[in-house]
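Trainee: Could we talk through the sheet in this one and what packs on it? I'd like to go piece by piece.

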Amino acid sequence: MPEEQQLTPLQRRDRALARLEEGRNALRQALEGIDPEDAFLGSRWSVWEVLKHLDAENFVDALEKISSGEMEMLPPFSSREDRLRQDIEHLEATYDRLRTVIEGLTEEQLALPVTPPNPVHSFPGLTMLELVERSAGHAGTHARQVELTRKYVAEFNARDKTVTILALGNGGADTVPAKVQELVPFADYTAGDAASLEMARPWIRGLEAEIRPGNAEEIVARMAREARAGLWTAICVPGSNPEADHPELMELARRHCEKVVVVS
């Protein structure tokens, strides 16, 4: 008989409480003495992102409402389409609230000091007016970010879990094709031999993976795994025709990757 069937509901509850406390103590130990600067660093998940992920306030709210009879069950899971629509509607409603607040500010309220100075980051103390002026362009700035992200999602064929082969050309960094220069900064991982990475380095913003004699298959397989995990991966090669110049690498890429796209 499975263990769950041998225990009473209250015993299973108490076992869950013990696991909850065990995890809580493990997290406290993992966080002990952490440098606040280090908490925001990480190639994938920073410590801060883990903490945000573990913030279960909405889940606890729902359990409280269910246990009190205020709510019958958790809301149904939403499709991505529904979630996106709801998030956009929420942003629109928040924008309307912000506009109403700003429109109602008097001259006296605009002069109020609202943020203390932060000498660590050379950030001055701001009045309400200065804060409003600074935040007014926030959505516009991120609108450009959304446009670029949508553009490069398409360029990297991200939905198809594509690994992109970038042909750097036959000259130095100053002759790298413009399309390649645009793509490299958006790659989470950029692979290539030492010379190719050196040529692409002015634009690399993600992690590097050097291809050396004997490890080409390992690196290509790794780029394929990262692409399947949703990251954007690129392999830089010299020349303008990877099919002709690097047939072995292309064969490895097609063997390990769900989809391979060449940009030159």
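Trainee: Which strands does helix α13 lie across, and at what angle does α13 run to β7?

Mentor: This is a predicted model, where local features need pLDDT of at least 70, side-chain atom pairs count only at pLDDT 80 or more, and totals for chains, interfaces and linings use all residues. Residues are numbered from 1 along each chain as its sequence is written, and side-chain values use heavy atoms, with hydrogens and water left out. Helices (H or I, at least four residues) and strands (E, at least two) are DSSP runs numbered from the N terminus, and angles run from 0 to 180 degrees between N-to-C directions of axes, lines fitted to C-alpha atoms, for helices over the stretch in contact (heavy atoms within 4.5 Å). Helix α13, residues 247-256, lies across β3, β6 and β7, and its angle to β7 is about 140 degrees.

Trainee: What is the strand order of the open sheet?

Mentor: Strands count as paired if DSSP finds at least two bridges between them. Here five strands pair in parallel, in the order β5-β4-β6-β3-β7.

Trainee: Why is one side of β5 and of β7 left without a neighbour?

Mentor: β5 (207-210) and β7 (259-263) are at the sheet's edges.

Trainee: How many bridges join β4 to β6, and which residue partners tyrosine 189?

Mentor: β4 (residues 189-192) and β6 (residues 233-237) run parallel, joined by three bridges. Tyrosine 189 has its bridge partner in β6, and that is threonine 233.

Trainee: And in β5, which residue is the bridge partner of glycine 192?

Mentor: β4 and β5 run parallel, with four bridges between them. For glycine 192, the partner in β5 is glutamate 210.
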